[in-house]
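I opened this model to look up its fold, its cores and its charged pairs. My entries follow the order in which I looked.

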Amino acid sequence: MVLKALASDLPRLPANSKVWVQGTVLLLEGSPPNGTKALVLDDGSGLLHVDMQEYPCDLRVQEGDYCLAIAFTYQPPENEVLGSMGSSKLTLIPEKLKNITEDPDRETLWFLEIVESRSSLLQGLQAGKSESGGDQP
């Protein structure tokens, strides 16, 4: 299952969670011919560090572009540093990256998807609670 998430959600997720995030590219590390090694996305709630070293294709993005990423969360050990950005923070290892800058409704639709996703999650939790008798003494 892929969880639609904001940067502010990631620290509360279990390691190796699969997430779908979107944001504006703030910083790129590396460029052709060697390809992008890492990038930083800003989703409005925080920064997302994306390690591109294992990603199989050259994503064509520049600073200011809006991208989506489906990725696994990774928390490096304290002594491990990823890339020359020196990130030892929670990092995303991408499975899919896409530049969606050209979609004029991208941010509005994304935040509506986040709201819908959280509403569905809460409804599921409430249904499970009432089925198990969690509301009764």
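The notes below go from the overall fold to single residues.

**Ground rules**

I am working with a predicted model, where local features need pLDDT of at least 70, side-chain atom pairs count only at pLDDT 80 or more, and totals for chains, interfaces and linings use all residues. Residues are numbered from 1 along each chain as its sequence is written, and side-chain values use heavy atoms, with hydrogens and water left out.

**Entry 1: the fold**

I started with the secondary structure. The protein has 1 helix and 6 strands. Here helices (H or I, at least four residues) and strands (E, at least two) are DSSP runs, numbered from the N terminus. Read from the N terminus, the order is β-β-β-β-β-β-α.

Next I checked burial. Of the 137 residues, 34% count as buried. Buried means under 20% relative accessible area, exposed means over 50%, and partly exposed is in between (1.4 Å probe, protein chains only).

Then I looked at contacts, meaning heavy atoms within 4.5 Å. Among contacts between residues at least 6 apart in sequence, 59% join residues at least 24 apart.

**Entry 2: the cores**

Which residues touch the most other members of the largest nonpolar core? They are Leu39, Leu41, Leu48, Val50, Met52, Leu92 and Leu97, in a core of 19 residues. S2, S3 (38–42), S4 (47–51), S5 (66–74) and S6 each supply at least two residues of this core. For both I used one rule: a nonpolar core is a set of buried Ala, Val, Leu, Ile, Met, Phe, Trp, Tyr and Cys residues joined through side-chain atoms within 4.5 Å.

Leaving aside neighbours within four places in sequence, Leu41 is in contact with Gly23, Thr24, Val25, Gly46, Leu47, Leu48, Val50 and Cys67.

Is Gln22 buried or exposed? Gln22 counts as buried, at 5% relative accessibility. Gln22 sits in strand S2. The Gln22 side chain has a polar contact of 3.2 Å with the side chain of Trp20. Another, at 3.5 Å, goes to the side chain of Tyr66. A polar contact is a pair of N or O atoms within 3.5 Å; within protein, one must be able to donate a hydrogen and the other to accept it, and residues adjacent in sequence count only if both atoms are side-chain atoms.

Tyr66 counts as buried, at 4% relative accessibility. Beyond four places in sequence, Tyr66 touches residues including Gln22, Lys98, Ile100, Arg106 and Trp110. The C-alpha atoms of Tyr66 and Arg106 are 8.3 Å apart, with the two residues 40 apart along the chain. Gln22 is also in contact with Arg106 and Trp110.

**Entry 3: salt bridges**

I then listed the charged pairs. Side chains of opposite charge can pair when their charged atoms come close. My rule was a side-chain nitrogen of Lys or Arg within 4 Å of a carboxyl oxygen of Asp or Glu. The count comes to 3 salt bridges.

- Glu113 pairs with Lys4, with the closest N and O atoms 2.8 Å apart. Glu113 is in helix H1 (residues 106–131) and Lys4 in strand S1 (residues 3–4), 109 residues apart. Glu113 is partly exposed at 27%, and Lys4 is partly exposed at 21%.
- Glu95 pairs with Lys18 at 2.9 Å, N to O. Glu95 lies in strand S6 (residues 91–99) and Lys18 in strand S2 (residues 18–29), so the pair ties together parts 77 residues apart in sequence. Glu95 is partly exposed at 43%, and Lys18 is partly exposed at 24%.
- Asp9 pairs with Arg12 at 3.1 Å, N to O. Asp9 is buried at 11%, whereas Arg12 is exposed at 63%.

**Entry 4: the surface**

Last, I looked at the outside. The accessible surface comes to about 8,500 Å², of which 53% belongs to carbon and sulfur atoms. Accessible areas come from the Shrake-Rupley method with a 1.4 Å probe; for residues, only the protein chains shown count as cover.

Which residues form a nonpolar patch on the surface? I found Leu26, Leu27 and Leu47, with about 250 Å² of accessible area together. Patches are made of residues with over 30% relative accessible area and no salt bridge: like charges are joined within 9 Å, nonpolar side chains (Val, Leu, Ile, Met, Phe, Trp, Tyr) within 5 Å. Leu27 is in strand S2 and is partly exposed, at 37%.
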